[in-house]
Amino acid sequence: MDTWPSPAVPVLPGNGGTLRLFDTASGSVRDTAPGGAARMYVCGITPYDATHLGHAATYLAFDLVYRVWLDAGRGPVHYVQNVTDVDDPLLERAAHTGENWTELAEREIQLFRDDMTALRVLPPHEYVGAVEAIPEITEAVGRLLERDGAYQLDDDVYFPVSAATGFGAESHYDRQTMLRLFAERGGDPQRHGKRDPLDSLLWRSRRVGEPYWETPLGAGRPGWHIECSVIALNRLGMGFDVQGGGSDLIFPHHEHSAAHAEALTGEAPFARHYVHTGMVGLDGEKMSKSRGNLVLVSKLRAARVDPMAIRLALLDGHYRADREWTGGRLKAAEARLARWRAATALAAAPPAESLLRAVRARLADDLDTPGALTAVDGYVAAALDGDALPAGAGPGGPRLLRDLVDALLGVAL
Ligand code: 5CA
Ligand code: ZN
């Protein structure tokens with residue numbers, strides 16, 4: 001499906017260093033994308049409600065991964081994202097409001113594109129809906145059935161976790177935790193006839209009142225995890241650099257996606273890094289569509305909040321930390337944005353090369369955005385303190401400041 005327009009990315013002098021990121025599977029911070037062009041898959045939205053600040057924070061984190069890779073010479077980055085444009089939560093919402101589910105999905109996908117554009121998030125090269133991927137998904141499920149990597153239950157098809165060597169290697173959760181999270185996050189541990197309660201649905205046969213597609217597997221629709229396995233595998237191949245999403249996707253989604261792909265290919269790993277963002281909350285609860293405690297990017301935009309202030313407010317926390325959204329964060333970001341803009345408007349400011357080195361170093365270190373913002377603050381404070389302009393101050397400082405904040409942080413000043 002259509003993606004959204006790409007903002008231009010200024011090219012900076014020299015190169016940034018290797019990006020190191022925390023990998024959930026190994027539990028450590030490691031180098032990413034050693035050599036060559038980087039490949040990334042980020043789980044996309046389920047389009048039943050508009051982009052909230054939790055989604056925005058997650059996509060901003062991977063936008064920075066992309067930007068730091070470009071700056072480090074790891075381009076062209078091959079970036080793939082899906083849209084879960086048919087799944088239970090979407091159908092349930094449409095049934096609840098009486099809206100046609102495809103119209104609901106299309107409207108919310110367009111709103112997401114508009115929000116991403118306003119936030120200057122770099123678009124994926126391939127933006128793929130579950131519905132358009134049905135032929136590739138059924139082909140993959142068919143192959144799993146042929147080699148005992150899947151079994152039939154009534155007319156549905158399940159993935160047996162027993163077929164996955166190394167199941168648990170991504171999340172490392174114990175079985176009790178897996179069972180709890182599986183039940184909470186779309187799984188069906190209670191279903192009678194499954195070989196293991198943790199087995200996940202690959203193909204759901206036609207149900208009365210639900211959409212379905214006629215396929216070689218029969219009439220039905222795909223399960224959730226196989227959607228991401230197949231969309232990623234068919235475009236990036238095995239062993240791509242980063243599989244990304246929020247921490248609520250660690251299990252079952254990313255564990256099962258990896259297990260499906262590994263069963264399909266007989267190879268491991270699916271991804272070299274599993275990267276997870278913390279949850280953004282409001283009033284002590286994870287911001288979520290089902291809880292309804294949302295702050296929407298589109299609402300803030302409609303209230304004429306500068307999207308660059310939203311971006312700065314979200315980057316002020318570390319991507320891995322669970323954090324609370326407060327109006328105070330936005331106020332602080334608006335003030336910071338005004339100071340940074342004042343510095344870029346100066347006719348002369350100190351040279352910014354050491355600031356560039358500092359921002360590169362902070363971001364390469366597991367995306368330390370709070371550290372990067374503090375470094376820019378320090379430079380801006382010195383630049384605005386015009387009495388103390390050092391030798392070498394000139395128009396190059398404000399120019400490089402603008403370019404580096406744009407290229408590395410995605411903030412247009
Ligand atoms: N379509 C699936 C992934 S294949 C899905 O999880 N969609 S979603 O719309 O529910 O979430 C989209 C992304 O936003 C996911 O990476 C999810 O982990 C992330 N996300 C959801 N809520 C929050 C939150 N409160 N804070 C941070 N990230 C969040
Ligand atoms: Zn996914």
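**Backbone and zinc site**

Me: This is a predicted model. Where is the place of Pro269?
Reply: The peptide bond that joins Ala268 and Pro269 is cis, with omega about -5°. As for its place, Pro269 belongs to the loop between α7 and β12 (271-277).

Me: A cis peptide bond also joins Phe251 and Pro252. Which helix does Pro252 lie in?
Reply: Omega of the bond between Phe251 and Pro252 is about 0°. Pro252 lies within residues 250-265, and that helix is α7.

Me: Which residues are the protein donors of the zinc ion (ligand 2)?
Reply: The protein donors lie 2.1 to 2.2 Å from the zinc ion (ligand 2). Along the chain, the donors follow the spacing C-x184-C-x24-H. With their donor atoms, they are Cys43 (SG), Cys228 (SG) and His253 (NE2).

Me: What is the geometry of the site of the zinc ion (ligand 2)?
Reply: The site has four donor atoms, and the angles among them are 104 to 118°. Four donors count as tetrahedral if all angles lie between 85 and 135 degrees.

Me: How many residues apart are Cys43 and Cys228?
Reply: Both cysteines are donors of the zinc ion (ligand 2). Cys43 is in the loop between β3 (39-42) and α1 (53-71), whereas Cys228 is in helix α6 (residues 224-236). The pair links distant parts of the chain, 185 residues apart.

Me: Is Cys43 buried or exposed?
Reply: Buried means under 20% relative accessible area. Cys43 has 5% relative accessibility, so Cys43 counts as buried.

Me: What is the relative accessibility of Cys228?
Reply: Cys228 is in helix α6. Cys228 counts as buried because its relative accessibility is 1%.

Me: Is Asp148 buried or exposed?
Reply: Asp148 lies in the loop between α4 (134-146) and β6 (151-153). Its phi is near 60°, a positive value in a residue other than glycine. The relative accessibility of Asp148 is 63%, so Asp148 counts as exposed.

Me: His172 is not a glycine, so what is its phi, given that it counts as exposed because of its 52% relative accessibility?
Reply: The place of His172 is in the loop between β7 (156-159) and α5 (175-184). Although His172 is not a glycine, its phi is positive, at about 60°.

Notes:
Residues numbered from 1 in each chain as written. Chains lettered and ligands numbered in written order. Predicted model: local features only at pLDDT ≥ 70, side-chain atom pairs only at ≥ 80, totals over all residues. Heavy atoms only, no water. Donors = N, O, S within 2.8 Å, 3.2 Å for Na, K, Ca; no water. Tetrahedral: all angles 85-135°; square planar, octahedral: opposite > 155°, others 65-115°. Helix = DSSP H or I, 4+ residues; strand = E, 2+ residues; numbered from the N terminus. Buried < 20%, exposed > 50% of the residue type's maximum accessible area, 1.4 Å probe, protein only.
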